[in-house]
Amino acid sequence: MTDKQTVHRPLFEIFIRSKRGLDHKHVGSLHAENAQQALEYARDCYTRRSEGVSIWVVNSGDIVASQEEDAASFYDPMEDKPYRHATHYVLPDSIKNM
Amino acid sequence: MKDKQDDLINYVIALGDDSLILGQRLSEWCYHAPFLEEDLALANVALDFIGRAQMFYEYASQLETRVLKENARSADQIAFLRDTRDYRNLLIVELPIGDFAFTMARQFTVDVFNQLYLQQLVNSTDSTLAAIAGKAIKETDYHLRRSQEWMLRLGDGTDESHQRMEKALKELWGYTAELFTMSAYETALLRDGISIDRTALCSDWRKIVTELLQQATLKVPSDEWQVTGGREGLHTEHQGDILAKMQYLQRTYPGLEW
Amino acid sequence: MTNFKLNEVELEAAFQSRIDSEQKIEPKDWMPEGYRKNLIRQMSQHAHSEVIGMQPEGNWILRAPTLRRKIVLLAKVQDEGGHGLYLYSATETLGITREELIDALHEGRAKYASIFNYPSLTWADVGTIGWLVDGAAIVNQITLQRTSYGPYARSMVRICKEESFHQRQGYEALMVMAQGSPEQKKMAQDSLNRWWWPVLMMFGPHDAESANSAKSMKWKIKRKSNDELRQAFIDQTIPQVEYLGLKVPDPDLKWNQERGQYDFGEIDWAEFERVIGGNGPCNRQRLEHHRRVDREGQWVRDALAAYEAKQQARSAA
C-alpha cells in the first residue's frame, strides 16, 4: 500500500443529497487530485441530470469500514432485541394509530 | 426603426456565433481529454455554450419573423446556412483547440471576459437578452472557476506544463484585443441600453487576468500584435474548416428535416 | 473464545448460499478468487466498451445536422463516458485500480464490445447505434441490475435509468429519416443493413459455446443466457423496424406462431471471430486512439500531481 500523499489522483467516494430533507447517499467514486477538484468533478460526473442539491466527497483511504469477520460480534447481538421494534407490542384494534 | 431592428438581429447573431463556435471547438475534446472526469467536465462546458447559441439564434429568428414574416430564418438556418463572411464570431473562439494548455488559456481569457460582460448584460433593456444573460452567468461562474484552477495547475505545475502555457498565452494574446472592440451595430444599440460597452471592461479584465497569471507564475505576454475582424466576417482560415464540418449534412442534403 | 475462522470450503458454501438466497455480495465480503476475477473481467470489459463506444458516435458531434441533434448527441456521448466512470468505479471496489484496468486494455489483455470496431459512416449510423446498439445493451443491462455483486448492480440501475434516453433519441432520429426524402430513407436502410448482424453478435456466442457462461450463471453475475437475451432483443425490435418501414437483412426472419417468437437466420460466426480477434474494420484505430489520448494527457496529469505536491508542501510550511 503506497502512502496516500504519493498516489496520483486518489479515489474519492461521492455522496449526494438528492433533495432537501434527505440523507446524503453514496453514488460511486471518481479520481481527483484533491477534495476540491473531486467536488467539481462530482458535479460534472454525478449530477448531470440535476440529481443533487449537495455533495460530499471523502477520500476513499479515509473511510474506516467494519470488517466482515466482525459481523458476528457487531450485528448478530442486535437480532435478539425485538423489544426495540414497534411491532413487538400488541395493541387492541380499537386503538388505530400509535 | 428598421435599421435598429437589423442592428439588434446582427448583435444577437454575433453573440450566438461566439457561443456556437466555441462550443463546437470544445466538443472536439469529447473522448480526447487527459482523463475521464475531465472529459465529462469539458463536455458540460461545451453543452452550455451550444445551448446558449441556441437561445440567441431562437431569439434572432423571432426578431426576423417580426420583419420578414414567413421569410424569416429558423434558428438552425441561421446556425448552419451562412458562409464564412457572414459569421460574426470573434476570432479567438475559432482558433483550433491546440493542446490542453491552449484550450484552457483561451477558455480562461474568454471566461473572465464573459463574466464581466454578462454581469452587465443582465441589465440590458432588452428583456430577452437579459434573461439569456441571467442563465449564462451562472454557467460562466462555474466555467471560470474551472479554467482558473487549470491556469494555476498548468502554470505552476511542471516545467513542461509551464512552457506549454506560456506558449499558448503568447499565441492567443493578440486575439484578446477583439474582446474589447465595438462593432458598429453594438455601438448603435448602446444608446438604448441594449448592448454593452466592451471597451469599458478592458481594465477590469486586465487586472483579473494579470493577477491570476502572476499567481500561476506566468508572464503576461506583451501587446505587440493584435488581430481583429471577426465581427465583420474577416475570419482566420480556420473558420472555413469549422463550417465545412459543421454544415456538411445541411449542405449535402439541402432543405431536409433531421 | 470460540474460533470463528472458517476454512475455504465453508466460506465458499456460505458465499454460494448467500448468492442462492439472492443476497448481494459487497466489496469487503469474502469471495472466491474466480468470482472476483470473473467480475473484474466482465465489469472492466463493460467499462471499456462504454468508453471506446464514445468514438463511433463522437465522430458525428461536429457534423450533427441541427443544434438540437448536436446537443443531444454530445450529451449522449458524454453519458457513455459517465457510464464508463461508474463501471470503473464499481470495478475498483474489487481491489484493482483504473490505471491497471486501462493498462490491460492497452496491452490487449482486456476486451471491449466488438460492435465498436465497426465504423459510423453516415448520420443514420448515429441513429442506429442509439436505437440498436444501446437497445441491445439495455436488454443485457436490465438483467444485470439484479447481478449478484452489489456495486455492479447499483451502477447498472443508474446506467439503465440514463440509457433509456439514448435509445429513444436514436430511434427518433431514424424516424425522421425514414419519413423523410428517398435518400434519407435509403441512408437509414443502408445503416440497418450494416449494423443488424453485428448487433445480434453483441449477445455473444451460443450458450453451448460460451466459455464463461456456466460459472457466471451459477454466481449470478449473469442472469440470463446469451441466446435468451438475443431472442428477447429480436422479439422486441422487429415491430420497431416495421414501424420505420425498414427491413432487416435476414431472409430467414419470420414469426413463429408456435413458439411465440421470431425465427431468425444464423449469425456469421466467422466474422464474429474475425472482429473479436482484432481484424474488424476499426480495431486498430479504436485502440490506438485510446492509447494516443492517454499518452497526450500524461503531461497534464503530471502537472496536476506536481501542482498538488507544491500546494501540500506550501500548506505544511
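Q: Why does Asn117(C) count as buried?
A: Its relative accessibility is 2%. Buried means under 20% relative accessible area, exposed over 50%, and partly exposed in between, with a 1.4 Å probe and protein chains only. So Asn117(C) counts as buried. This is a predicted model, where local features need pLDDT of at least 70, side-chain atom pairs count only at pLDDT 80 or more, and totals for chains, interfaces and linings use all residues. Residues are numbered from 1 along each chain as its sequence is written, chains are lettered from A and ligands numbered from 1 in the order in which they are written, and side-chain values use heavy atoms, leaving out hydrogens and water.

Q: Where does Asn117(C) lie?
A: Asn117(C) sits in the loop between helix 5 (98–106) and helix 6 (123–144) of chain C. Helices are DSSP runs (H or I, at least four residues), numbered from the N terminus. Pro281(C) is 164 residues away from Asn117(C) in sequence, yet 6.0 Å away in space, C-alpha to C-alpha.

Q: What makes the contact of Asp192(B) and Lys4(B) a salt bridge?
A: Their side chains meet at 2.7 Å, N to O. A salt bridge needs a side-chain nitrogen of Lys or Arg within 4 Å of a carboxyl oxygen of Asp or Glu, so the pair qualifies. Asp192(B) lies in the loop between helix 8 (184–190) and helix 9 (202–215) of chain B, and Lys4(B) in helix 1 (residues 2–27), so the pair ties together parts 188 residues apart in sequence.

Q: What makes helix 5 of chain B oblique to helix 7 of chain B?
A: The axes of helix 5 (residues 100–121) and helix 7 (residues 159–176) of chain B cross at roughly 45 degrees and come within 8 Å. That angle makes helix 5 of chain B oblique to helix 7 of chain B. Angles under 35 degrees count as roughly parallel, over 145 as roughly antiparallel, 65 to 115 as roughly perpendicular and the rest as oblique.

Q: Is Asp125(C) buried or exposed?
A: Asp125(C) has 0% relative accessibility, so it counts as buried. Arg194(C), at 25%, counts as partly exposed.

How values were computed:
Axes are lines fitted to C-alpha atoms, for helices over the stretch in contact, and angles run from 0 to 180 degrees between N-to-C directions. Helices (H or I, at least four residues) and strands (E, at least two) are DSSP runs, numbered from the N terminus.
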